[in-house]
Amino acid sequence: MYYLNIYTDCPKSWLLKYDLKEKYYKDSLYYQLKGEYKELESIRKRLIRCKIRHKMFEERYQKSNDYRKIFLENTSGPYRCRYCNRPLKTEYMQVDHIIPASKAKNNTYLQMWLFINKCESVNDLRNLVPSCFKCNQAKGRKIGLWPLRAYLGQFESYWKIKKGVDIGLLVTGIGLIAFLGAYYHEEIISVIQGLIR
Ligand SMILES: [Zn+2]
């Protein structure tokens, strides 16, 4: 099955005979049709002629309504945010699509990525991770290094190394400032005086 998103708030009369479902994305209204490829393809051609913005994609790239439920049924807590390792209470936990459905719809590279990772759909358990609200907001619909972070975040050793690197950087930073202060304090003072003058 396929979906056809039609981005208009006032559908043409010829569209009204179809089973249009009202959908919202961030308060803006659009319409969605579900059907066989052939049927939707003919509508799509007409949309192109009418210059109406649209998007057609396979059902597997549509976010399901029950992915959270399925995630909770098939995994067990206690959960931690995959991106920052913060412990999460199940009721406040967000279930994040590593590859966002909105991106997978029209990006063949990401579709390939899902295929390589044996994901039947974007709602496959391999594409879902627990996340805190803050990280989920920060990630939004971005890709970047987030899939890598989602992958690494499952390993306890990653967080130990990361913590070690953070502390290491802090110690190095303080050491560097102390070194510069001790050896170059006269130069630093004269530069500051030069700036003030
Ligand atoms: Zn987080």
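1. Asn-85 sits in the loop between E5 and strand E6 (87-88), where helices (H or I, at least four residues) and strands (E, at least two) are DSSP runs numbered from the N terminus. The model is a predicted one: local features need pLDDT of at least 70, side-chain atom pairs count only at pLDDT 80 or more, and totals for chains, interfaces and linings use all residues. Residues are numbered from 1 along each chain as its sequence is written. The phi of Asn-85 is near 70 degrees, a positive value in a residue other than glycine. Asn-85 is partly exposed, with 16 other C-beta atoms within 10 Å; on this scale a residue is buried if 20 or more other C-beta atoms lie within 10 Å of its own, exposed if 12 or fewer, and partly exposed in between, with C-beta atoms placed from the backbone.

2. Lys-118 is exposed, with 8 other C-beta atoms within 10 Å. A cis peptide bond joins Gly-77 and Pro-78, with omega about -5 degrees; Pro-78 belongs to the loop between helix H2 (67-74) and strand E5 (79-80). For context, most residues other than glycine have a negative phi, and most peptide bonds are trans.

3. Strand E1 (residues 2-6) is joined to strand E3 (residues 28-35) by 5 bridges, and the two run antiparallel. Another 5 bridges join E1 to E4, again antiparallel. Tyr-2 has bridge partners on both sides: Gly-35 in E3 and Glu-58 in E4. The bridge partner of Tyr-3 in E3 is Lys-34.

4. The largest nonpolar core has 15 residues, of which Ile-98, Ile-99, Ala-104, Leu-114, Val-122 and Ala-150 touch the most other members. Such a core is a set of buried Ala, Val, Leu, Ile, Met, Phe, Trp, Tyr and Cys residues joined through C-beta atoms within 7 Å. Strand E8 (128-131) and helix H6 (146-152) each supply at least two residues of this core. Apart from it lies another core, of 6 residues, among them Tyr-2, Ile-6, Tyr-31 and Leu-33.

5. Leaving aside neighbours within four places in sequence, Ile-98 is in contact with Asn-127, Val-129, Trp-146, Pro-147 and Ala-150; contact requires C-beta atoms, placed from the backbone, to lie within 7 Å. With the same exclusion, Val-129 is in contact with Arg-82, Asp-96, Ile-98 and Ala-150. Val-129 is buried, with 27 other C-beta atoms within 10 Å. Val-129 and Asn-85 are 44 residues apart in sequence and 12 Å apart in space, C-alpha to C-alpha.

6. Both faces of E8 are covered: Leu-128 and Pro-130 on one side, and Val-129 and Ser-131 on the other, are all buried. Strand E7 (residues 94-97) runs antiparallel to E8, and 4 bridges join them. Within this pair, Pro-130 in E8 is the bridge partner of Val-95.

7. Helix H7 (residues 156-196) spans only 50 Å between its end C-alpha atoms, whereas a straight helix of 41 residues would span 60 Å at 1.5 Å a residue; the expected span is 1.5 Å times one less than the number of residues. H7 bends by about 85 degrees at Tyr-184, the bend being the angle between axes fitted to the seven residues ending there and the seven starting there. Of the 41 residues of H7, the number buried is 0, so the helix lies largely in the open.

Terms used:
Pairing = 2+ DSSP bridges. Contact = placed C-beta atoms within 7 Å.
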